[in-house]
Each structure stands twice: as C-alpha cells, then as structure tokens.
Amino acid sequence: MADIPRQHQQRIAKATLRMNPAMVGVMGGPSIAEAKKILRDIEIEKNLHVTVHEAMTEIHSDINKARQESGAK
C-alpha cells in the first residue's frame, strides 16, 4: 500500500475502532462499520497484490523453463 491517502485512511480507521463508540459519532470520521469496511478492503487489496505477484512469478518461471528446455536464451 504505497499511496499516502490510503495510509491515512487506514490509520484513521484503526483509530476509530479503538475509540469509545460514543466518541466516534462526535469526532466526525468514519463510523465503526465504515472503518471495518475500509480495513477489510485494504486487506483484500494486499491479498490481491500478493496473488497477482505469485501468478506472475510462476509464469516467468514457466517461460524460463521452456526456454531452457528448447535451448533458447
């Protein structure tokens, strides 16, 4: 997660979940449900990135293996 606004959103969501529910309404940030959704979405993004990276690594490995088997460089 490289983009700064998303990092701030994550930090605020975590702080919201640590707050007393009465304070959440007064502070004006995300609700508890919104904070949970934000953190869930960020986790999904992280998992998707890892899955795509693993798939690309496997594809590159298969390509290199095929090149070695055919004698190509």
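Is Glu 45 buried, partly exposed or exposed? Glu 45 is partly exposed, at a relative accessible area of 41%; buried means under 20% relative accessible area, exposed over 50%, and partly exposed in between (1.4 Å probe, protein chains only). The legends below concern a predicted model, in which local features need pLDDT of at least 70, side-chain atom pairs count only at pLDDT 80 or more, and totals for chains, interfaces and linings use all residues. Residues are numbered from 1 along each chain as its sequence is written, and side-chain values use heavy atoms, with hydrogens and water left out.

**Figure 1. The whole chain.** The protein chain has 3 helices and 0 strands, where helices (H or I, at least four residues) and strands (E, at least two) are DSSP runs numbered from the N terminus. The radius of gyration is 21 Å, well over the 11 Å that the globule rule gives for 73 residues, so the chain is more spread out than a compact globule. That radius is taken over C-alpha atoms, and the globule rule is 2.2 Å times the number of residues to the power 0.38. Along the principal axes, the C-alpha atoms fill a box of roughly 70 × 20 × 15 Å. Of the 73 residues, 12% count as buried. The chain exposes about 5,900 Å², with carbon and sulfur atoms supplying 59% of it; accessible areas come from the Shrake-Rupley method with a 1.4 Å probe, and for residues only the protein chains shown count as cover.

**Figure 2. Salt bridge between Arg 6 and Glu 45.** The closest N and O atoms of this pair are 2.9 Å apart; a salt bridge is a side-chain nitrogen of Lys or Arg within 4 Å of a carboxyl oxygen of Asp or Glu. Arg 6 lies in helix α1 (residues 4–18) and Glu 45 in helix α3, so the pair ties together parts that are 39 residues apart in sequence. Arg 6 counts as buried, at 15% relative accessibility. By this rule the count comes to 2 salt bridges.

**Figure 3. Salt bridge between Asp 41 and Lys 37.** Here the closest N and O atoms are 2.8 Å apart. The two residues are 4 residues apart in helix α3, and are therefore separated by about one helical turn. Asp 41 is partly exposed, with a relative accessible area of 27%. Lys 37 also counts as partly exposed, at 45%.

**Figure 4. Packing of α3 against α1.** Ala 35, Ile 38 and Ile 42 are buried in α3. The buried residues of α3 pack against α1, contact meaning heavy atoms within 4.5 Å. Ile 12 is placed in helix α1 and is partly exposed, at 43%.

Figure 5. Helix α3 covers residues 32–70. At 1.5 Å a residue its 39 residues should span 57 Å, and the end C-alpha atoms are 57 Å apart, which agrees; the expected span is 1.5 Å times one less than the number of residues. Leu 48, Val 52, Met 56, Ile 59 and Ile 63 make a nonpolar surface patch of about 430 Å². Patches are made of residues with over 30% relative accessible area and no salt bridge, like charges being joined within 9 Å and nonpolar side chains (Val, Leu, Ile, Met, Phe, Trp, Tyr) within 5 Å. Ile 63 is partly exposed, at 37%. After α3 comes Gly 71, whose phi is positive, near 85 degrees.
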